[in-house]
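Open your viewer and keep the selection tool at hand. We will walk through this chain one stop at a time.

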Amino acid sequence: MKQSEILLINDVIAKHTSTGGKVELIQEDWDFLQLHVALYFNSEVSGVPLTMIPKKQTRGIVQRLKGKQGRFRGNLSGKRVDFSARTVISPDPNLLIHQVGVPERVAKILTYPERVHPRNIEKMKQLVQNGTEKHPGANYVQQKGSAFKKYLAYGNRDKIAHDLRCGDIVERHLVDGDIVLFNRQPSLHKLSIMCHQAKVQPQRTFRFNECACTPYNADFDGDEMNLHLPQTEEARAEAWILMGNKSNLVTPKNGELLIAATQDFITGGYVLTQKDEFLTKERAMQLATCLIAGPDANMTVELPPPAILKPRVLWTGKQIFSLIMKPHRKSSTLINLETKGKNYTTNLDLCCKDSYVVIRNSEIMCGVMDKSTMGSGTKKCIFYVLLQEVYKASDCYLLIKLDIDRIRVLGLEIDAETIRFAKFKSRGASNEICRTTKSHLEAFLEVVEKKYSRAVTEPGTAVGALAAQSIGEPGTQMTLKTFHFAGVASMNITQGVPRIVEIINASKTISTPIITAELENNTNMEFARKVKGRIEKTTLGEVCKLKFNINFFLVRFDFDAGFSFGVGDVTPSRILLGEKQKLLDNGYSKCSDYISKMKSGTLQCQPGCTLEETLEAVMLRELSSIRELAAKACFNELHRTNSALIMAQSGSKGSNINISQMIACVGQQAINGKRVPNGYEDRSLPHFEKFSKIPAARGFVQNSFFSGLTPTEFFFHTMAGREGLVDTAVKTAETGYLQRRLVKCLEDLVVHYDGTVRNAIGEVVEFTYGGDGLDPVFMEVQCKPVDLERQFMHIRAIDGHRDEEALEGDEILPTVTDILKLEKYINSRQDFKQDCL
């Protein structure tokens, strides 16, 4: 259209020139031609006079090429495809982690072209006879040598089935076990699209196990996901091997598991492993039988000897939980772990909260299972430890049986030997783990050397894209942290990619420049200096401990025992209300004292602050401490069986702040990290006096969500909430665009065969990837591919070598030195030898 207009104006100019038209007229035509040529290339060009703007807007060449809908991103890099489906997602704990539930009506539309051969011809004939409406059926048949497809909704299907020959192609419905790709947008990292096996179900939504949510960053509040059906055997094989979620349990960022126990599963494990949890023979056997189902229907399950014999036979919850890891004495699953739990205090295994976990040969000796030992965000976890032993046992990448068949917690059974991975065979267990023999050292060094060797980054790894994804993927979620704490001032801090933007751009106006953390012992200056020094020495790697997720699971236990949450769990006692009132009276009196000191000019200014700024700082600190002290009083009053407390302490859901806001006090509302500012002519709301600085007038909410907020408190709360919503919307766009630019900038950085990191034109960016050439995926502890202490403990626990003489303490180092001089260790990495010594 635009080209025809340009040609028409050219004809007009030629006509006016040949007929001797006025110069002004020709100049006007020339300007009009110039405008249309400019609009042809860029229809959004600026500076167009109002009188010359065309009535009909057209898309220029620039608009056709650039942007998300342009030729490159909309039609080349990404495009609309066939054999895909999209619908809402729902949780289904009965599905294995590698399965996805597909609605039957979707399965009738998505088809796979299967070639007929002697082994499947009878099955194909049956599918053809079923037709398009009956599942499993088929939609089309294409005869060998013909390009024509017969639609099976019409015609004589029996005749078509009878005429079916080897070499024909039947486009059959999607069936159980088909390989599909499952994707949730935005696809911020490579684990946002993974491969699953389909399981056709009668409902209308896609369903998958909740434990597989973390890689997709999915929840079930209305999220939608995409499903794609590969159309060739090559594509199916490649998807299953490279993209299968059982092959992508760990994040490329730092090697932490992304698929682990979550929410109800963690709650069940926490309650089951409490010190005072005992089960009768009937309940213990009922839970044990949950392991016998599916592929493990013939598995032997041996109940351990009961912990209590009189007056009634009873088993502890820890014994029954251990059955999940080790269902019988001959089980090859051996886990050895010693770590602090989420609520650890002091004295190791004598911790008063039983939060020091010791596992020997898959038996829990002490400790309560919680998020730190079952969930995401740590490598001191039973699933991660198990995964590392699988590597050692099979020397294959992720040769695991993570099929937690029909997991159930809170009413969801666990079938399968919940963690029976690998072919790791024990050489006989022993409780004598304090003895160290030469055989122990030899086995230990062999394992460590293998782990160092496998940790070397493979040539061809796209380290640039992985780095960009690792920075950007958690960024969006990290910016939303304040949203979940009801605008509490002390929790407001810029995080994630927005903070990176401020650092990279050397921003002059930092959103939250200072973090104030109160020390419990705030009178000891020497202690404060030590804490300050430790904070300054903390490296980025120590701060970035994140994610990991799924695998085995718990039990019908919560279903039998019952776990519910009601208003009774957040009802404050009279004692608590009295304590809270004392705290409020004391805090308010201090605030009044500060205000009077400021008015009289006796308030001591803080360094670099005016009198007004000093008052705001001390009042904010005082009001924040009221909420924190009220929270402590609240937790002292709550019974340990309180449902909200159980969820917070186990790490399955919520936090101490959430509970204290529900029961005790919501706290100071913050806008831009400060108290609510004055508006409405020198006051925050018309309900207060001008220039009032009392807590109630500047956004302090003394009520809890249980008692209910006053109208002014509610208004302040909505102000803080709205800030959270706006920040969420704005920062999501910023972080998304920043991550896209990062990815496009770094996407060509690849590790080459000489170990260097180079870009697309061969320029060296780094001589050795990361300085050591090791892949972050394999780092068991920070910067090292082996947790030496845990590995040595594991070697000693699985085999005591009782027939061998133990080494003395001063004999161990010379023995290790002699072993490392053997021929098989001559070419080993130097960092391996140094770490072992």
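## First stop: helix 1

Select helix 1 and look at the face turned away from its buried side: there you will find the exposed residues Gln3, Leu7, Leu8, Asp11, Lys15 and Ser18. Here exposed means over 50% relative accessible area, buried under 20%, and partly exposed in between, with a 1.4 Å probe and protein chains only. Helices (H or I, at least four residues) and strands (E, at least two) are DSSP runs, numbered from the N terminus.

Before you go on, note that this is a predicted model, in which local features need pLDDT of at least 70 and side-chain atom pairs count only at pLDDT 80 or more, while totals for chains, interfaces and linings use all residues. Residues are numbered from 1 along each chain as its sequence is written, and side-chain values use heavy atoms, with hydrogens and water left out.

Now colour Lys2, Ile6, Ile9, Ile13 and His16, the buried residues of helix 1. Why do they sit on the same side of helix 1? They cover an arc of only 90° around the axis, the arc being that of the directions from the helix axis to the C-beta atoms. An α-helix has 3.6 residues a turn, so residues three or four places apart point the same way.

What do the buried residues of helix 1 pack against? Show residues 23–41 and you will see helix 2 there; contact means heavy atoms within 4.5 Å.

Zoom in on strand 4 (residues 138–142) and strand 5, which pair in the antiparallel sense over three bridges. Glutamine 142 stands opposite lysine 149 of strand 5.

Move to strand 10 (residues 224–228), which runs antiparallel to strand 1 (residues 84–91) with five bridges joining them. Threonine 87 is opposite methionine 225 here. Strand 7 (residues 179–183) is also antiparallel to strand 10, through three bridges, and phenylalanine 182 has leucine 227 as its bridge partner.

## Last stop: the cores

Finish with the largest nonpolar core, which has 42 residues. Such a core is a set of buried Ala, Val, Leu, Ile, Met, Phe, Trp, Tyr and Cys residues joined through side-chain atoms within 4.5 Å. Select Phe321, Ile359, Ile382 and Phe383, the residues with the most contacts inside this core. Which helix gives the most to this core? Helix 14 does, with six residues. A second, separate core of 26 residues includes Cys591, Ile626, Cys634 and Ala664.

Zoom out to end: the protein chain has 29 helices and 20 strands, and 46% of its 837 residues are buried.

Note on methods. Pairing = 2+ DSSP bridges.
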